[in-house]
Amino acid sequence: MAYGAQPSDQYLWDIFLRVDRDRSGSITVNELQAALSNGTWQPFNPETVRMMIGMFDRDNSGTINFEEFKALWKYITDWLNCFRSFDTDRSGNIDRNELKSALTSFGYRLSDTFVDLLVQKFNRDGTMTIKFDDFIQCCVLLQTLTAAFRFHDTDLDGWIRISYEEFLTLVFSLRM
C-alpha cells in the first residue's frame, strides 16, 4: 500500500478476520494485543491495548466490531506517523529529547524534570526510551488529564482548587 494512502474496507476486513481469531465478529483485548507489535517484535503494552479498546468501543461491549476497528486502525496509523516524525534518530524509540520536542509541538510547556518523570514512567525495558505503544499511552493519558484539568480551570490560569475527593473523582471518572 502506498504511504499515506487510505486502506480499502476489503483490506481492513482481511486484517480484521486475521485478528478475530475466535471468529466472534469482534476483537477482544487479547486478540488485539496479539496482533499489534510495538516495533520490537513484542506485543503492545496490555494497558495501551485496553485503553484503545475503551476509546473505540462505542457500544460498551468490551470488544471492537469492524466499524470500530476501522476507526482504531486510522488512529494507530496516525500515531505511527506522529511517532516516526519525532523519532529523529530513527532508533524505533523516543528518547527524552524527542519526547520533549513532541510534547512542545503539541503545545505543552513542561519542565525537564517532568519530561524525565514521563520517560521513567513509560520506559518498560530500562533503556530510558519509550516504545511506540507506550508513546501512545503517554500522550493520550497526558491529553486526557489535561482536558479534565482544563474543565476545572475556568479562568484558564493554570491553577485549580479541588478537594482530595474531587481529585479522585476527576481521575477515576476519566474514560481511558
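Trainee: Leaving out residues up to four places away in sequence, which residues does Asn45 touch?

Mentor: In this predicted model, Asn45 touches Gln33, Arg124, Asp133, Asp134 and Gln137, once residues up to four places away in sequence are not counted. Asn45 itself sits in the loop between H2 and H3.

Trainee: Is Asn45 buried or exposed, and with which side chain does the side chain of Asn45 make a polar contact?

Mentor: Asn45 counts as buried because its relative accessibility is 8%, and the cut-off for that word is under 20%. The side chain of Asn45 makes a polar contact, at 2.8 Å, with the side chain of Asp134. Asn45 also caps the N-terminal end of H3, where a side-chain oxygen lies 2.9 Å from the backbone nitrogen of Glu47.

Trainee: Which residues of H3 are buried, and against which elements do they pack?

Mentor: The buried residues of H3 are Thr48, Val49, Met51, Met52, Ile53, Gly54 and Phe56, and they pack against H2, H4 and H7.

Trainee: How should I read the nonpolar core, and which residues have the most contacts inside the largest one?

Mentor: The general idea is that, in soluble globular proteins, nonpolar side chains tend to be buried together. Here the largest nonpolar core has 41 residues, and those with the most contacts inside it are Met52, Trp79, Leu99, Phe135 and Ile136. The elements giving two or more residues to this core are H1, H2, helix H3 (46-56), helix H4 (66-86), helix H5 (96-105), helix H6 (112-122) and helix H7 (132-152). H4 supplies the largest share of this core, nine residues, and at least three residues are drawn from each of domain 1 (8-86) and domain 2 (92-175).

Trainee: How far apart do the C-alpha centres of domain 1 and domain 2 lie, and how many residues does the contact take from each?

Mentor: The C-alpha centres of domain 1 and domain 2 lie 23 Å apart, while the contact takes 21 residues from domain 1 and 20 residues from domain 2.

Trainee: Which residue caps the N-terminal end of H5, and which residue with a positive phi follows H5?

Mentor: Asp95 caps the N-terminal end of H5, with a side-chain oxygen 3.1 Å from the backbone nitrogen of Asn97. H5 is followed by Gly107, whose phi is positive, near 100°.

Trainee: How are Trp13 and Phe16 placed in their helix?

Mentor: An α-helix has 3.6 residues a turn, so residues three or four places apart point the same way. Trp13 and Phe16 are three residues apart in helix H1, and therefore are separated by about one helical turn. Trp13 is partly exposed, with a relative accessible area of 33%, whereas Phe16 counts as buried at 1% relative accessibility.

Trainee: Which residues do ring pairs link into a cluster?

Mentor: The cluster linked by ring pairs consists of Phe44, Phe56, Tyr75, Trp79, Phe83, Phe86, Phe106, Phe132 and Phe135.

Trainee: Finally, where do Ser26 and Leu156 lie?

Mentor: Ser26 lies in the loop between helix H1 (9-19) and helix H2 (29-35), and Ser26 is buried, with a relative accessible area of 16%. Its side chain makes a polar contact of 3.3 Å with the side chain of Thr63. Leu156 lies in the loop between H7 and helix H8 (164-172), and Leu156 is exposed, with a relative accessible area of 67%.

How values were computed: Residues are numbered from 1 along each chain as its sequence is written. This is a predicted model: local features need pLDDT of at least 70, side-chain atom pairs count only at pLDDT 80 or more; totals for chains, interfaces and linings use all residues. Side-chain values use heavy atoms; hydrogens and water are left out. Helices (H or I, at least four residues) and strands (E, at least two) are DSSP runs, numbered from the N terminus. Buried means under 20% relative accessible area, exposed over 50%, partly exposed in between (1.4 Å probe, protein chains only). A polar contact is a pair of N or O atoms within 3.5 Å; within protein, one must be able to donate a hydrogen and the other to accept it, and residues adjacent in sequence count only if both atoms are side-chain atoms. A nonpolar core is a set of buried Ala, Val, Leu, Ile, Met, Phe, Trp, Tyr and Cys residues joined through side-chain atoms within 4.5 Å. Domain bounds come from an automatic or database domain assignment. Rings of Phe, Tyr and Trp (its six-membered ring) pair if their centres lie within 6.5 Å; planes under 30 degrees apart count as stacked, over 60 as edge-to-face and the rest as tilted. Contact means heavy atoms within 4.5 Å.
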